[in-house]
Amino acid sequence: MRKMRKEELILLNISGIGKRALEKLSDAELSEKIDFLKKDKASALDEELRLIKKYGVEVMAIFEEAYPKMLREIHGAPLLLYIKGSILKENEIGIAIVGSRRATLYGTSSAERLGYELASR
């Protein structure tokens with residue numbers, strides 16, 4: 001698989017295309033898919049980039065050196081991490097709360113409570 005720019009990965013992420021699906025595509029098929037999505041999802045990509053900037057979120061791609069090593073090794077590792085805060089090298093063993101953009105009220109409150117409890121230790 002060819003190396004992709006973060007913008008392309010964000011576009012694929014918006015479209016629900018993950019690592020396993022990407023691995024099945026040839027470079028030519030991937031380029032064709034990205035070209036199609038650039039036209040079809042242009043407004044969604046613009047909105048995603050606007051929100052990333054607005055909220056000061058860092059986007060880290062799986063091919064970057066700083067991507068957490070242990071996370072990279074799991075089956076179905078996310079292509080992108082949207083990070084608010086810091087990932088420190090000395091924190092190789094860690095816990096992440098991974099969620100949905102359409103989280104329920106229960107899911108949001110549970111994640112908030114769990115995050116608070118873990119951070120206070």
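Lysine 6 is partly exposed in this predicted model, with a relative accessible area of 32%. This residue belongs to helix 1 (residues 6-14), and its partner in a salt bridge is glutamate 64. In that pair, the closest N and O atoms lie 3.1 Å apart. Glutamate 64 is likewise partly exposed, at a relative accessible area of 21%. Its position is in the loop between strand 1 and helix 5 (69-72).

How many salt bridges does a search of the whole structure find? The search finds two. Besides the pair of lysine 6 and glutamate 64, there is one between arginine 50 and glutamate 47, whose closest N and O atoms are 2.8 Å apart. Arginine 50 and glutamate 47 both lie in helix 4 (residues 42-54); because they are three residues apart there, about one helical turn separates them.

| Residue | Relative accessible area |
|---|---|
| Glutamate 64 | 21%, partly exposed |
| Arginine 50 | 41%, partly exposed |
| Glutamate 47 | 35%, partly exposed |

The confidence of the prediction can be considered next. The protein chain has an average pLDDT of 82, and 94% of the residues score at least 70. Where is confidence lowest, and where is it highest? The lowest mean, 76, belongs to helix 2 (residues 19-23), whereas strand 1 (residues 58-61) has the highest, at 90. Where pLDDT is low, the predicted coordinates should not be read in detail.

Terms used:
Residues are numbered from 1 along each chain as its sequence is written. This is a predicted model: local features need pLDDT of at least 70, side-chain atom pairs count only at pLDDT 80 or more; totals for chains, interfaces and linings use all residues. Side-chain values use heavy atoms; hydrogens and water are left out. pLDDT is the predictor's confidence in each residue, from 0 to 100. Helices (H or I, at least four residues) and strands (E, at least two) are DSSP runs, numbered from the N terminus. A salt bridge is a side-chain nitrogen of Lys or Arg within 4 Å of a carboxyl oxygen of Asp or Glu. Buried means under 20% relative accessible area, exposed over 50%, partly exposed in between (1.4 Å probe, protein chains only).
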